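Hi,

Here is the structure I promised to pass on. Have it open while you read, and my notes follow below.

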Amino acid sequence: QVQLVESGGGLVQAGDSLRLSCAASGRAFSSYAMGWFRQAPGKEREFVAAISWTGSNTYYSDSVKGRFTISRDNAKNTVTLQMNSLKPEDTAVYYCAADLSLAVVAGQKPKSADYWGQGTQVTVSS
C-alpha cells in the first residue's frame, strides 16, 4: 500500500551535518502528512519533525528547532530531514512516518502513524 524507506544515516562528528531521505512508494503520497521520529538506546521514541500535505506547515521538537529542517518533494515522493550542528544527543535510529493526520505525525496525538519505515542509524560522536 504505502512503503517508506529511509536513507542517509551514518557516523559523523559533533557539529557536522547529515541529510536523511525517506522515499515513498504507493498511492496518494501527497495526501499524507509526514513526520520524523527517533529512538535512542534505552529511551522511548520521540517526535523530531513533521510536515503537512503541501509543505506549508512544519513542526519541530524543541531539541532540534533551528538545527533541523524538514521538506518534501511530492513530485518525487520523498521527504528530507536536513540535520545541521549535530550533537551526540541526536544519536538514534531515525524513522519516517506517514499519516493522514498532521497531528499524529507531529506527535500531538497518542496514536501511532499508519505507515513507518525501517529506520536509519545516525551516530554523532563527541
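This is a predicted model: local features need pLDDT of at least 70, side-chain atom pairs count only at pLDDT 80 or more; totals for chains, interfaces and linings use all residues.

Leaving out neighbours within four places in sequence, Arg38 is in contact with Glu44, Arg45, Glu46, Val48, Ser63, Val64, Phe68, Glu89, Asp90, Ala92, Val93 and Tyr94 (contact means heavy atoms within 4.5 Å). Residues are numbered from 1 along each chain as its sequence is written, and side-chain values use heavy atoms, with hydrogens and water left out.

Back to Arg38. Is Arg38 buried or exposed? Its relative accessibility is 5%, so Arg38 counts as buried (buried is under 20% relative accessible area, exposed over 50%, partly exposed in between, with a 1.4 Å probe and protein chains only).

Arg38 sits in strand β4. (Strands are DSSP runs of E with at least two residues, and helices are runs of H or I with at least four, numbered from the N terminus.) Six of the seven residues of β4, which covers 33-39, are buried, so the strand is largely enclosed by the rest of the structure. Which strands does β4 pair with? One is β9, antiparallel over seven bridges, with Ala33 opposite Asp99. Another is β5 (residues 46-51), also antiparallel, over five bridges, and there Gly35 stands opposite Ala50. Two strands pair if DSSP finds at least two bridges between them. The hairpin of β4 and β5 has six residues between the strands, and Gly42 takes a positive phi there, near 75 degrees.

Now for Tyr94. Apart from residues within four places in sequence, its contacts include Glu6, Leu20, Trp36, Arg38, Leu81 and Val122. Tyr94 is also among the residues with the most contacts inside the largest nonpolar core, along with Leu4, Met34, Trp36 and Leu81; that core has 29 residues. The elements giving it two or more residues are β1 (2-7), β3, β4, β5, β7 (68-73), β8, β9 and β11 (120-125). Apart from it lies another core, of nine residues, among them Phe47, Ala50, Val104 and Val105. A nonpolar core is a set of buried Ala, Val, Leu, Ile, Met, Phe, Trp, Tyr and Cys residues joined through side-chain atoms within 4.5 Å.

There is one disulfide, meaning a pair of cysteine sulfur atoms within 2.5 Å. Cys22 and Cys96 form it, with their sulfurs 2.1 Å apart. Cys22 lies in β3 (residues 18-26) and Cys96 in β9, so the pair ties together parts that are 74 residues apart in sequence. Both cysteines are buried. The torsion about their S-S bond is about 55 degrees, so the disulfide is right-handed.

Last stop: Thr91, in the loop between β8 (78-83) and β9 (92-99). A polar atom of the Thr91 side chain lies 3.0 Å from the backbone oxygen of Pro88, and the Thr91 side chain also reaches the backbone nitrogen of Val124 at 2.9 Å.

Cheers

Terms used
A polar contact is a pair of N or O atoms within 3.5 Å; within protein, one must be able to donate a hydrogen and the other to accept it, and residues adjacent in sequence count only if both atoms are side-chain atoms.
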